[in-house]
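Open the model in your viewer and keep the selection tool at hand. The stops below say what to select next and what is there.

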Amino acid sequence: MLNIKKMVISCALATSLVAGTAQAQDCGEVSITEMDWGSAVIVTQVAKFLLEQGYGCSVTVVPSASTPALASVSETGEPDIITEVWTNGAPAYVPLLEAGKINELTDVLSDGGIEGLFIPVYLAEAHPELMTIEGVLANPDLVGNRMHNCPVGWTCQVVASNVAKAGGFEASGVEDFVHGSGETLAASIGSAYTSKEPWFGYYWSPSLVLGKYPMVQVDLGPHDASKQACNSDTDCATPTMQSWPSSVVTTVVTSEFEASHPAETDVMRNLSFTNNMMNSLLAWQDAESATGDEAAVYFLSTQQDIWSSWINDSARSKLAALLQ
């Protein structure tokens, strides 16, 4: 059950407190993405709370994914803040940086992210040949004749589909199965583990799923940075079979937002989680059957020493009651 401090923070996350609403003119309207995976939800809800209650912003949360969020910034200049961009699989990212439309603030996952195609540990132990892509394609029935892929709109879906195309997965009897949501992708792993069934597909770390269900990364061969851009393009004519690199995971803001909101930009520049910290939050969320919003409340209630260092003296004064 939530204690009093958690209840106060939870209410503040759900609706702006009177003080925060009265100060909204200090900051104005701010739009911020919320991607549909666990770490991104927590990052967004923590940022929303700090911006609203510490800086008087009126924050609009925009459900999105990396590719459409970057496309929206390119076309409309919004949203103001994209909280979690996995840069390796986002072909529009560098052009937007070079054009000066977005500014990179911080590695929001300070240890970086790991992406790739995985199989369960029990499958690797029973069939070690599946630890290479050559072994998978030679034995498609052992992985259930399917590569579990990300939902449409996620940049990882484009890359994984291009890897499948380059490797001739379909001709080898491995279907490129695109999931309808991140939830069904995660659920497919849990279901496979429960029955010790074959599973082969894309996932990433940090994540609750890889913490809860031990997986082995399939060797796809060396990474070739010079060919990554094509693999990240839906229209890539010559995709390459290769591993994902370790991903830089960043928070970015539009150039206009940074110029007009220097104090709020500094909050987002300071807001960063280690993989261990994020995995712990995701594990707590799972153990408590909690939502991403509730995981953010848990973090804000128990880690004041961390997030209080992200905000300025004025915001810290406004939030003093919650820091005691």
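Select helix α17 (residues 313-318), where Arg316 and Asp313 both lie, 3 residues apart, about one turn of the helix. Helices here are DSSP runs of H or I with at least four residues, strands are runs of E with at least two, and both are numbered from the N terminus. Arg316 and Asp313 form a salt bridge whose closest N and O atoms are 2.6 Å apart. A salt bridge is a side-chain nitrogen of Lys or Arg within 4 Å of a carboxyl oxygen of Asp or Glu. Arg316 is partly exposed, with a relative accessible area of 26%, and Asp313 is exposed, at 61%. Buried means under 20% relative accessible area, exposed over 50%, and partly exposed in between (1.4 Å probe, protein chains only).

This is a predicted model: local features need pLDDT of at least 70, side-chain atom pairs count only at pLDDT 80 or more, and totals for chains, interfaces and linings use all residues. Residues are numbered from 1 along each chain as its sequence is written, and side-chain values use heavy atoms, with hydrogens and water left out.

For another of them, select Glu175 and Arg146, whose side chains meet at 3.5 Å, N to O. Glu175 lies in strand β7 (residues 175-178) and Arg146 in strand β6 (residues 146-149), so the pair ties together parts that are 29 residues apart in sequence. Glu175 is partly exposed at 37% relative accessibility, and Arg146 is partly exposed at 27%.

Next select Glu258 and Arg269, which form a salt bridge with the closest N and O atoms 2.8 Å apart. This pair links distant parts of the chain, with Glu258 in helix α12 (residues 255-260) and Arg269 in helix α13, 11 residues apart. Glu258 counts as partly exposed at 22% relative accessibility, as does Arg269 at 30%.

Two packed helices are described by the angle between their axes and the distance between the axes.

Which residues meet here? Ala47, Leu50, Leu51 and Tyr55 in α3 meet Ala263, Glu264, Val267 and Met268 in α13. Contact means heavy atoms within 4.5 Å.

Now select Ala47, which is buried at 0% relative accessibility. Not counting residues up to four places away in sequence, Ala47 touches Ile32, Met268 and Leu271. Ala47 and Glu264 are 217 residues apart in sequence and 9.8 Å apart in space, C-alpha to C-alpha.

**Strand β3**

Select strand β3 (residues 81-86) and pick out Glu84. Glu84 is buried yet has no salt bridge, and the nearest side chain of opposite charge, Lys48, is 17 Å away. For charge, Lys and Arg count as positive and Asp and Glu as negative, while His and the chain ends are not counted.

What does the side chain of Glu84 make a polar contact with? One partner is the side chain of Trp37, at 2.7 Å. The side chain of Ser39 is also joined to that of Glu84, by a polar contact of 2.8 Å. A polar contact is a pair of N or O atoms within 3.5 Å; within protein, one must be able to donate a hydrogen and the other to accept it, and residues adjacent in sequence count only if both atoms are side-chain atoms.

Thr83 also lies in β3 and is buried at 0% relative accessibility. Beyond its neighbours within four places in sequence, Thr83 is in contact with residues including Ile32, Val108, Thr250 and Met268.

**Backbone stops**

Most residues other than glycine have a negative phi, and most peptide bonds are trans. Select Glu78 and Pro79, which are joined by a cis peptide bond with omega about 5°. Pro79 lies in the loop between α4 (66-76) and β3. The peptide bond from Ser205 to Pro206 is cis too, with omega near 15°.

Last, select Asn145, which has a positive phi of about 55° although it is not a glycine. Asn145 lies in the loop between α7 (133-138) and β6.
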